[in-house]
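Subject: Structure for you to look at

Hello,

Please find the structure below.

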Amino acid sequence: VKFDVSKSVLPAFSATGDARIFPNPVVNNQVNILFEGQPAGRYFIQVTDIAGRVLQIKEVNIAGVRQLESVRFSKKPTNGTYVVKVVNSKKELAFTDKVIVQ
């Protein structure tokens, strides 16, 4: 079975806010997420494997217009591609991005 993902649309932050994930590729078992201009509130950072299995969840409270949050992997992931998803307290997807672990 083949899946056509060429027309997939990844959600993005609204025009009022933005975020960046770095470093990418991940080299030290830690990824940083810089929230900029997002509404204050509770968010959940999920790290999943490419098949969608949740490996780790971190709850964060965003209080300012610019906030840096770090996620340290609880165990060394194998090299490959992972997905970082951020959802708000209403379980709405705020954004998602792929990261590569080397």
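The lining of the second largest pocket has five nonpolar, two polar and two charged residues. In this count Ala, Val, Leu, Ile, Met, Phe, Trp, Tyr, Cys and Pro are nonpolar, Asp, Glu, Lys and Arg are charged, and the others, Gly among them, are polar. The lining residues are Val-47, Leu-55, Gln-56, Phe-73, Ser-74, Lys-75, Lys-76, Pro-77 and Tyr-82. A pocket is found on a 1 Å grid over the protein atoms alone: it is an open set of points with protein on both sides within 12 Å along at least five of seven lines, whereas a cavity is a set where a 1.4 Å probe fits but cannot get out, and lining residues have an atom within 4 Å of a point. The volume of this second pocket is about 150 Å³; a volume is the space filled by probe spheres set on the points, which are joined across faces, edges and corners.

This is a predicted model, in which local features need pLDDT of at least 70 and side-chain atom pairs count only at pLDDT 80 or more, while totals for chains, interfaces and linings use all residues. Residues are numbered from 1 along each chain as its sequence is written, and side-chain values use heavy atoms, with hydrogens and water left out.

The mean pLDDT (the predictor's confidence in each residue, from 0 to 100) is 84, and 83% of the residues reach 70 or more. Over residues 3-16 pLDDT stays under 50, and the model has twelve contacts beyond four places in sequence for them. A contact means heavy atoms within 4.5 Å.

The largest pocket has a volume of about 210 Å³. Eleven residues line this pocket, and Ile-50, Val-83, Lys-85, Thr-96 and Lys-98 lie nearest its centre. By class, its lining has four nonpolar, three polar and four charged residues. Strand 7 gives the most to this lining, three residues. Strands (E, at least two residues), like helices (H or I, at least four), are DSSP runs numbered from the N terminus.

Next, the core. A nonpolar core is a set of buried Ala, Val, Leu, Ile, Met, Phe, Trp, Tyr and Cys residues joined through side-chain atoms within 4.5 Å. Buried means under 20% relative accessible area, exposed over 50%, and partly exposed in between (1.4 Å probe, protein chains only). The largest core has 20 residues, and Ile-21, Ile-33, Ile-45, Val-86 and Val-99 touch the most other members. Two or more residues each come from strand 1 (18-22), strand 2 (30-36), strand 3 (41-49), strand 4 (54-62), strand 6 (80-88) and strand 7 (93-101). Strand 7 has the largest share, four residues. Leaving out residues up to four places away in sequence, Ile-33 touches Arg-20, Ile-21, Ile-45, Gln-67, Leu-68, Glu-69, Val-84, Val-86 and Phe-95.

Last, the backbone. Most residues other than glycine have a negative phi, and most peptide bonds are trans. Here a cis bond joins Phe-22 and Pro-23, with omega about -10 degrees. The bond from Asn-24 to Pro-25 is also cis, with omega near 20 degrees. Pro-23 is in the loop between strand 1 and strand 2, where Asn-29 also lies. Phi of Asn-29 is positive, near 65 degrees, and this residue counts as partly exposed at 22% relative accessibility. Lys-91, in the loop between strand 6 and strand 7, has a positive phi of about 65 degrees. Lys-91 is exposed, with a relative accessible area of 72%.

Regards
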